[in-house]
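Good morning, everyone. Please bring up the sequence and the model, and keep both in view while I talk you through the inside of this protein.

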Amino acid sequence: MIVRKFTLAALLSLFAAAAQADGVVQKLMTPADKARLEKYGATRKEAIQEAKAGLAREVAILDAIVSKKPVSFADFDMTGAWQCRTVKAGGIGELVVYDWFRCRVSDDGSGWMLEKLSGSQRTKGRFYTDGDTRLIYLGSGFVAGEKPTAYGKGPDTDQVGFAFRTGRSEWRIEFPAPYYESKLDILEFRR
């Protein structure tokens, strides 16, 4: 049993290293999105500081979300139905916390694919390994009723973010400097 767990952990580590080493995500990512991820820490800090001026109830929700430390994706099956909500921090409004909507993650054999299924603002995209506790999400934002475009079709639809697992059945994506409205969007997921 221990040998099996060790072997699985070693294979997952090897897969993660291979995904990083071949640079697939770096080849796919636009220069603008690479720049957004490079400035992630500073953008996140500034957005959260601005958000502190929001409504106390919403600030408490944001604090609870961002205080959760990342844990390993190694034994996590992301596939299936999820509840998801968007939190917009900084920018035009200090802080907005939306209601819960429906999202789904599937695996098409090439990796995890996300689709936000309800609400007016939607996203559809794919995850790429960036380490044991972080994934990169490349997606396309669109409005309900429209057909999503492929990632890389333009800054008004391209989305990039870091995904973090934060518990047994919860995770989030943080989108630094999204094209519209805020300085940081957080898409939070729970079963």
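Let me begin with a definition: a nonpolar core is a set of buried Ala, Val, Leu, Ile, Met, Phe, Trp, Tyr and Cys residues joined through side-chain atoms within 4.5 Å, where buried means under 20% relative accessible area, exposed means over 50%, and partly exposed is what falls in between, with a 1.4 Å probe and protein chains only. What you are looking at is a predicted model, in which local features need pLDDT of at least 70 and side-chain atom pairs count only at pLDDT 80 or more, while totals for chains, interfaces and linings use all residues. Residues are numbered from 1 along each chain as its sequence is written, and side-chain values use heavy atoms, with hydrogens and water left out.

First, the overall layout. The protein chain has 5 helices and 9 strands, where helices (H or I, at least four residues) and strands (E, at least two) are DSSP runs numbered from the N terminus. Followed along the sequence, the pattern reads α-α-α-α-α-β-β-β-β-β-β-β-β-β. Of the 191 residues in the protein chain, 45% count as buried. If we call it a contact when heavy atoms lie within 4.5 Å, then among contacts between residues at least 6 apart in sequence, 53% join residues at least 24 apart.

In soluble globular proteins, nonpolar side chains tend to be buried together. Here the largest nonpolar core has 18 residues, and those with the most contacts inside it are Met78, Leu114, Phe127, Trp171, Ile173 and Phe189. At least two residues of this core come from each of β1 (80–89), β3 (101–107), β4 (112–116), β6 (135–143), β8 and β9, and the largest share, 3 residues, is supplied by β8. A second, separate core of 14 residues includes Ala51, Ile65, Val87 and Ile186.

Which residues does methionine 78 touch, not counting residues up to four places away in sequence? They are Phe73, Val105, Trp112, Phe127, Leu135, Trp171 and Arg191.

Several of these names return when we turn to the aromatic rings. Rings of Phe, Tyr and Trp (its six-membered ring) pair if their centres lie within 6.5 Å, and planes under 30 degrees apart count as stacked, over 60 as edge-to-face and the rest as tilted. By that rule the structure holds 12 aromatic pairs. One of them joins tyrosine 40 and phenylalanine 162 edge-to-face, at 5.0 Å centre to centre and with 85 degrees between the planes. Because tyrosine 40 lies in helix α4 (residues 40–51) and phenylalanine 162 in strand β7 (residues 158–167), this pair ties together parts that are 122 residues apart in sequence. Both partners are buried, tyrosine 40 with a relative accessible area of 12% and phenylalanine 162 with one of 5%.

Ring pairs also link Phe73, Phe76, Trp82, Trp112, Phe127, Tyr137, Trp171, Phe175 and Phe189 into a cluster. Let us stop at one member, phenylalanine 76, which is found in the loop between α5 (56–66) and β1 and counts as buried at 9% relative accessibility. Leaving aside its neighbours within four places in sequence, phenylalanine 76 is in contact with Trp82, Trp112, Arg165, Gly167, Arg168 and Trp171. The C-alpha atoms of phenylalanine 76 and serine 169 are 8.6 Å apart, although these residues are separated by 93 residues along the chain.

On a 1 Å grid over the protein atoms alone, a cavity is a set of points where a 1.4 Å probe fits but cannot get out, a pocket is an open set with protein on both sides within 12 Å along at least five of seven lines, and lining residues have an atom within 4 Å of a point. Grid points are joined across faces, edges and corners, and a volume is the space filled by probe spheres set on the points. The count comes to 1 cavity of 30 Å³ or more, and about 40 Å³ of space lies in the largest cavity. Its lining is formed by Ile65, Lys68, Thr166, Glu170, Trp171, Arg172, Glu188 and Phe189. The second largest pocket holds about 460 Å³, and of the 23 residues that line this pocket, Gln121, Arg122, Gly141, Gln159 and Asp185 are the closest to its centre.
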